[in-house]
Amino acid sequence: MSLFRTELRRLTKRRFTRYMTLLGLLVLATVVIGVFFSNQKIGAEQLARAERQADQQYQEQVRYIEQERVACEQAKTAGTPNDGRYPDDCSMITPPSRDQIEAQWFLPSTFDFRETFDETLIPFAAILALVGFVIGASFVGAEWSTGGMMNLLLWRPKRLTVLLTKLAALLTGILAVTLPAAVLWFAGFWAVASFRGSTEKMTSGVWQSFMLTGLRGVVLVLVLTTIGFALASLGRHTAMALGGVVAVMVVGQFGLGILLAMANVRWAEAFLLPTYALAWMTKTVTLQDWNSCNATFNGSCEPDTLDITWQQSSVLLSVGVVVILGAALWAMRRRDIS
């Protein structure tokens, strides 16, 4: 009997795997439905309503400014101190011009596929990465805690082969869920844009950019699944992976962020893992140092910037996977299993 097919069947038959996968997919579906009902398609009716609201806002501003100008003149005539509320010349109090109040400010939210879809791939990858991490940790962690791993090694004594086959089955199962979910995610938001927004200006270059971002999201899901699997195998328990990620994110990242902020460390976000995960998905994260000031010709202040790129993130992710998975394989090979 094939060990890979056995492990894949074991993965799909586990109730925890099914429930966790279903929960993740329900969350994704909820996001799509929520976006659908929170957006509207912009048509002639919405544009006309926005124009009316802009006119109304303009008239209110005119009435308010006129009242303020009259109050200024009355205060000036009476010699009442205004505490800097009014200028010396009351004629300077003038309403804005009509074109300064734009109708687009009053338009309802609409989903522009070209402008907005790229942003939705970040929560998509984050939700499935969390699902993969927990399933991966539980898949191997349960084997260690129940003694199933020891029984399996009696049948297949090649330790590294067993562990890597389990990982391959796990990644295959996660990939079998992630890819169809990605297709449905694309289709769902295309439907949202069709009925509640716009699908205009979609070019081959835009589609290619979306596909590459989605591919990076799939890679992130597989990486975090592998890390969860390796941590649980390293600690011989699911709690090792879950406790480890809580320690890293709460103590290591949150605490480190506070410490760096208190120490006024420049580019503090460059030391935090979420920055690199975001850079991996968005290709570039630009950090700004507002303590520095580079004067421009018009007198404004431009802060220094630091770019965190997806290439840098890929190095960090690769090193993390190699170190953690390598430690799990080394421990599997060296330790006493009983």
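Analyst: Start with the word contact: it means heavy atoms within 4.5 Å. Helices (H or I, at least four residues) and strands (E, at least two) are DSSP runs, numbered from the N terminus. This is a predicted model, where local features need pLDDT of at least 70, side-chain atom pairs count only at pLDDT 80 or more, and totals for chains, interfaces and linings use all residues. Residues are numbered from 1 along each chain as its sequence is written, and side-chain values use heavy atoms, without hydrogens or water.

The part to look at is helix α2. This helix covers residues 15–37, which is 23 residues. From first C-alpha to last, α2 reaches 33 Å, close to the 33 Å expected at 1.5 Å a residue. The expected span is 1.5 Å times one less than the number of residues.

Now sort its residues by cover. Buried means under 20% relative accessible area, exposed means over 50%, and partly exposed lies in between (1.4 Å probe, protein chains only). In α2, the buried residues are T17, M20, T21, G24, L28, V32 and V35. They pack against α1 (3–13), β1 (111–112), α4 (113–146) and α6 (159–196).

Next, the surface. V27 sits in α2 and is partly exposed, because its relative accessibility is 33%. Together with L23 and V31, V27 forms a nonpolar patch on the surface, with about 200 Å² of accessible area in total. Patches are made of residues with over 30% relative accessible area and no salt bridge; like charges are joined within 9 Å, nonpolar side chains (Val, Leu, Ile, Met, Phe, Trp, Tyr) within 5 Å. The areas come from the Shrake-Rupley method with a 1.4 Å probe; for residues, only the protein chains shown count as cover.

Take α4. It has 34 residues and reaches 48 Å from first C-alpha to last, close to the 50 Å expected. D112 caps its N-terminal end. A side-chain oxygen of D112 lies 3.1 Å from the backbone nitrogen of R114.

Side chains of opposite charge can pair when their charged atoms come close. A salt bridge is a side-chain nitrogen of Lys or Arg within 4 Å of a carboxyl oxygen of Asp or Glu. K166 forms one with E7, and the closest N and O atoms are 2.7 Å apart. K166 lies in α6 and E7 in α1, so this pair ties together parts that are 159 residues apart in sequence. Both K166 and E7 are buried.

E7 also bridges to R10, with closest N and O atoms 3.3 Å apart. E7 and R10 are three residues apart in α1, so about one helical turn separates them. Which accessibility does each have? E7 is at 0%, so it counts as buried. R10 is at 30%, so it is partly exposed.

The structure holds four salt bridges. Another of them joins R69 and E66, at 2.5 Å from N to O. Those two lie in helix α3 (residues 44–78), three residues apart, about one turn of the helix. R69 is partly exposed at 23% relative accessibility, and E66 is partly exposed at 36%.

Methods
A polar contact is a pair of N or O atoms within 3.5 Å; within protein, one must be able to donate a hydrogen and the other to accept it, and residues adjacent in sequence count only if both atoms are side-chain atoms.
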